[in-house]
Amino acid sequence: MTRALTLAGALALTILASLLMPADLDAQRLPAIASSETRLAEARDRTRAVQEHIRDEILRRDETEAAISRTKAELELLGRLLSDAAADADTLAEGPGLRLTLNDASAPDGTDRIVHDASMLAVFSALKNGGAEAISVNGVALREETYVKCGGPTIWIGSVALAPPYAIQAIGNAGKLRAALMTDAGSPGKALEEQGLLTKMETLERVTIRFKERETEGVAWSSR
């Protein structure tokens, strides 16, 4: 009986030990598990930091590329402006001369009298015959290749459309220029004056005419 109790007790202790052992093992594993979770959290943090760094680098790269594109565009614009400035560089002609003003007018019967390109060309030719060294209209200089043509209510001087009144300036001997315009009854100045289209003529001590390449491209006005 005593032996049976002893065996029963031993069996009970064995069962109890087997029941308690997993709990002890779990208790031993807890620090390792906690350490693994800590390392995993640290790895996640590092991954997040790397991802943020990559995003920042991409953003900086995009900003740099945008800045480079803006700089290129600004340089191209500057190049065009410099090119235009060089093309439009002024060549000056200065000296004494004459200025006359042509303007549209109304006839006594109420009809409009308009300054046409033909009248303008006649004035230019007369001035040239009178020794004009340079001629301009409303600040636009004439060259031998400049065309003159009516376009609606305006007159085109080369590539520039001008509206009345037209201030024509010529460099040269004012007396000779005036004589070329006004001496004969059929001279252009006389004809325009009779029509009320020549409104003013004055002698100037100094006339300045600026030649700009882009303003006066065209065909010879003297042949039209």
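**Close-up views of a predicted chain**

**View 1. Contacts across the whole chain.** Of the contacts (heavy atoms within 4.5 Å) with a separation of 6 or more, 76% link residues 24 or more positions apart. The model is predicted: local features need pLDDT of at least 70, side-chain atom pairs count only at pLDDT 80 or more, and totals for chains, interfaces and linings use all residues. Residues are numbered from 1 along each chain as its sequence is written, and side-chain values use heavy atoms, with hydrogens and water left out.

**View 2. The elements in order.** The chain has four helices and ten strands. These are DSSP runs, numbered from the N terminus: helices are H or I with at least four residues, strands E with at least two. Their order from the N terminus is α-β-β-β-α-β-β-β-β-β-β-α-α-β.

**View 3. Leu197 in its loop.** Leu197 lies in the loop between α4 (188–194) and β10 (198–211). Is Leu197 buried or exposed? Leu197 is buried because its relative accessibility is 1%; buried means under 20% relative accessible area, exposed over 50% (1.4 Å probe, protein chains only). Its C-alpha atom is 6.1 Å from that of Ala105, 92 residues apart along the chain. Beyond its neighbours within four places in sequence, Leu197 has contacts including Thr101, Ala105, Ile114 and Leu192.

**View 4. Helix α2 against helix α3.** The axes (lines fitted to C-alpha atoms, for helices over the stretch in contact) of α2 (residues 117–129) and α3 (residues 174–182) come within 8 Å and cross at roughly 135°. Val123, Ala126 and Leu127 of α2 meet Leu177, Ala180 and Leu181 of α3.

Terms used:
Axes fitted to C-alpha atoms, helices over the stretch in contact; angles between N-to-C directions.
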